[in-house]
Amino acid sequence: ELEVCLRKCGIMWENRLFPAEGIIDNPIKDIILAYINENFDNGKKVLYYKAIYNDLSEVFVYCFNLTEAMMLKPYLEYVCNPEEYYFFQEYMAKEKNVFVDHSSEIEEFLLSVGKPLSYEEIYAGLSHVSKEVIYSEIKTNHNIILNEKEHYYHFDLFEFSSEDANQITQFINDEIA
């Protein structure tokens, strides 16, 4: 009973109870909630806790009790309207049955960068998605092409003119001859 009552008074994280205001004060809370609302208003289906943490890193500098990105989940569950959001393991959403399409997210990221990237660059740019998911998607997605050892780009970035085709054809014919 005591634990149930204590959970109403704050946030449990790693078997410790924190008062919500002790983690993030009200002015910063308002910035976070505005960020969340703006992103959902702009069409995002999900917001990853790691992405929130990374995007607002300069805001969190003085939040000494906020020790890692995943601590945002219990905090947001505590401060947000429970009828407005759904909280999942790695992200929050406005819809209960939201579908996360990692393949499209990775493709959109590669297209937006416009050049081949290494695994580490992709991991850094999509830090909210686990490395295992990124690795699996890169290996199985036919639109993501290996450029050189462990550097990938999106197929739509590949520019290939008829002149290029003629040069390649000539090179192959020369080698065969």
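The model is predicted. Its open sheet consists of three strands in the order 6-8-7, paired in antiparallel fashion. Helix 6 packs on this sheet and also packs with helix 8. The salt bridges come to three.

**Sheet and hairpin**

- The three strands of the open sheet follow the order 6-8-7, and their pairing is antiparallel.
- Ser118 stands opposite His151 in strand 8.
- Strand 7 is joined to strand 8 by four bridges, again in an antiparallel arrangement. Here Glu148 has His151 in strand 8 as its bridge partner.
- A hairpin is formed by strand 7 and strand 8, with two residues between them. Glu150 lies in the turn and has a positive phi of about 55°.

**Helix packing**

- Two packed helices are described by the angle between their axes and the distance between the axes. For helix 6 and helix 8 (residues 131-140), the angle is about 80° and the axes are 10 Å apart. The two helices are therefore roughly perpendicular to each other.
- In this contact, His102, Ser103 and Ile106 of helix 6 meet Val133, Ile134 and Glu137 of helix 8. Classified by type, the contact has three nonpolar, two polar and one charged residues.

**Salt bridges**

- Lys45 and Glu95 form a salt bridge in which the closest N and O atoms are 3.9 Å apart. Lys45 is located in the loop between helix 3 (26-41) and strand 3 (46-48), and Glu95 in the loop between strand 5 (91-93) and helix 6, so the pair ties together parts that are 50 residues apart in sequence. Glu95 has a relative accessibility of 42% and counts as partly exposed.
- Glu77 and Lys73 form a salt bridge with their closest N and O atoms 3.2 Å apart. Both residues lie in helix 5 (residues 72-79), four residues apart, which is about one turn of the helix. Glu77 counts as partly exposed, at 35% relative accessibility.
- Glu84 forms a salt bridge with Lys94, the distance between the closest N and O atoms being 3.7 Å. Glu84 is in the loop between helix 5 and strand 4 (86-87), while Lys94 is in the loop between strand 5 and helix 6, so this pair ties together parts that are ten residues apart in sequence. Glu84 is partly exposed at 30% relative accessibility, and Lys94 is partly exposed with a relative accessible area of 36%.

**A loop residue**

- Val61 belongs to the loop between helix 4 (49-55) and helix 5. With a relative accessible area of 48%, Val61 is partly exposed.
- Val61 and Arg16 are 45 residues apart along the chain, and their C-alpha atoms are separated by 21 Å.

Key:
Residues numbered from 1 in each chain as written. Predicted model: local features only at pLDDT ≥ 70, side-chain atom pairs only at ≥ 80, totals over all residues. Heavy atoms only, no water. Pairing = 2+ DSSP bridges. Contact = heavy atoms within 4.5 Å. Axes fitted to C-alpha atoms, helices over the stretch in contact; angles between N-to-C directions. Parallel < 35°, antiparallel > 145°, perpendicular 65-115°, else oblique. Nonpolar A, V, L, I, M, F, W, Y, C, P; charged D, E, K, R; others polar. Salt bridge = Lys/Arg side-chain N within 4 Å of Asp/Glu carboxyl O. Buried < 20%, exposed > 50% of the residue type's maximum accessible area, 1.4 Å probe, protein only.
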